[in-house]
Amino acid sequence: MTHIALKLGYIGSNFYGFQSQPDFRTVVGELIYNLKKLNYIHNPKEAHFRIAGRTDRGVHSLGNVVVFKSNKDFNINELNDNLADDIRVLGYTNVSDNFNPRHANTRWYRYVLFNSNLDMDLLEKTSKKFIGTYDFSNFTNKGADNTIRTIQNIQVNISNNNFSNNKYSSLILENMVDDDLDILNNCEDFSGGPIFIDIFGENFLWNMVRKIIRVILDVNYGNLDLKDIDNFLHPKFSKKPVIKLTNPRQLILMDVKYNNIKFSYDEYAIMRFSKTITNNLINYKREYAISKSLLDSLTNLSN
């Protein structure tokens with residue numbers, strides 16, 4: 001029996017969260033259904049099916065991890081051919097029987113911001129306040145036995161927003177019809193480049209990343225100051241604040257990393273997922289252009 005770890009990419013907006021839920025489409029639900037269908041597992045419990053961590057409804061991933069035991073030799077293309085286009089096994093590896101996917105060395109989350117008026121220097125200064133080991137009980141909506149967490153690093157960058165930088169883009173563009181190519185290159189978008197806030201830590205509390213982002217933004221908007229963060233990170237000396245959640249659809253679980261574990265990534269799987277995401281981008285830009293045209297036309301009716 002082989003113990004297999006899979007690296008998953010998925011478009012979170014198409015799922016009702018990660019963990020299995022009756023009567024709702026979820027990442028785990030879809031994955032287990034197809035693992036059973038292909039006789040990789042018969043029962044998740046008997047197969048020791050485990051996950052690195054849940055992601056909320058709407059959160060995307062390029063690197064979440066699940067593990068299971070199977071008597072069947074794993075074939076990544078066989079599984080991907082049975083999965084829908086919005087979920088893809090990007091890589092896999094064999095692991096030892098005592099491997100626990102929750103015991104990661106680093107989890108990397110990325111939050112994408114679209115406000116070009118944000119103060120980059122203040123974003124960086126505010127982000128650095130979270131680096132280190134603190135009690136993050138003020139940054140979760142759910143109780144936990146241990147709320148001490150360590151933020152290893154936070155980086156703030158502006159994306160160049162250039163599709164051609166994708167190493168698979170040339171192959172995708174070769175097979176793209178002219179209309180879609182025009183939409184991809186010419187429709188209005190956030191061409192100034194979104195802002196990425198990358199957060200690295202061993203593990204996180206439920207909603208912790210989205211609440212950290214909210215506080216970082218509230219400092220930038222002038223609703224909080226840097227001293228408030230010091231109080232939030234020392235909950236014994238402050239009243240529990242009400243911290244709202246940011247939009248989950250702007251959050252990506254970029255990767256989950258382990259010491260001495262190296263995944264074999266599949267070029268064909270990555271190419272297929274890149275094509276799916278590109279098609280989504282074209283559809284979004286098409287809908288954006290049409291909606292903007294409708295809105296502009298309605299505005300002109302009253303002039």
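**Close-up views of a predicted model**

View A. Thr106 is located in strand β5, which spans residues 106-113. The structure shown in this and the following views is a predicted model. With a relative accessible area of 13%, Thr106 lies below the 20% limit and is therefore buried. Its side chain forms a polar contact of 3.1 Å with the side chain of Gln152. Leaving aside residues up to four places away in sequence, Thr106 touches Gln152, Phe200, Gly201, Glu202, Asp255, Val256 and Lys257.

**View B. Helix α1 and the elements packed against its buried residues.** Helix α1 comprises residues 27-37, and its buried residues are Val27, Val28, Glu30, Leu31, Ile32, Asn34 and Leu35. These buried residues pack against strands β1 (2-10), β2 (50-51), β3 (60-70) and β4 (87-94), as well as against helix α2 (76-82).

**View C. The two ends of helix α1.** Just after α1, Asn39 adopts a positive phi of about 65°.

**View D. The crossing of helices α3 and α6.** The axes of α3 (residues 120-128) and α6 (residues 208-221) come within 9 Å and cross at roughly 135°. Because of this angle, α3 is oblique to α6. The crossing of α3 and α6 is right-handed. Helix α3 contributes Leu122, Leu123, Thr126 and Ser127 to the contact, and α6 contributes Ile216, Val219 and Asn220. Classed by residue type, the contact of α3 with α6 contains four nonpolar, three polar and no charged residues.

Technical notes. Residues numbered from 1 in each chain as written. Predicted model: local features only at pLDDT ≥ 70, side-chain atom pairs only at ≥ 80, totals over all residues. Heavy atoms only, no water. Buried < 20%, exposed > 50% of the residue type's maximum accessible area, 1.4 Å probe, protein only. Helix = DSSP H or I, 4+ residues; strand = E, 2+ residues; numbered from the N terminus. Contact = heavy atoms within 4.5 Å. Axes fitted to C-alpha atoms, helices over the stretch in contact; angles between N-to-C directions. Parallel < 35°, antiparallel > 145°, perpendicular 65-115°, else oblique. Left-handed = near helix turned anticlockwise from the far one by under 90°. Nonpolar A, V, L, I, M, F, W, Y, C, P; charged D, E, K, R; others polar. Polar contact = N/O pair within 3.5 Å; in protein donor to acceptor, adjacent residues only side chain to side chain.
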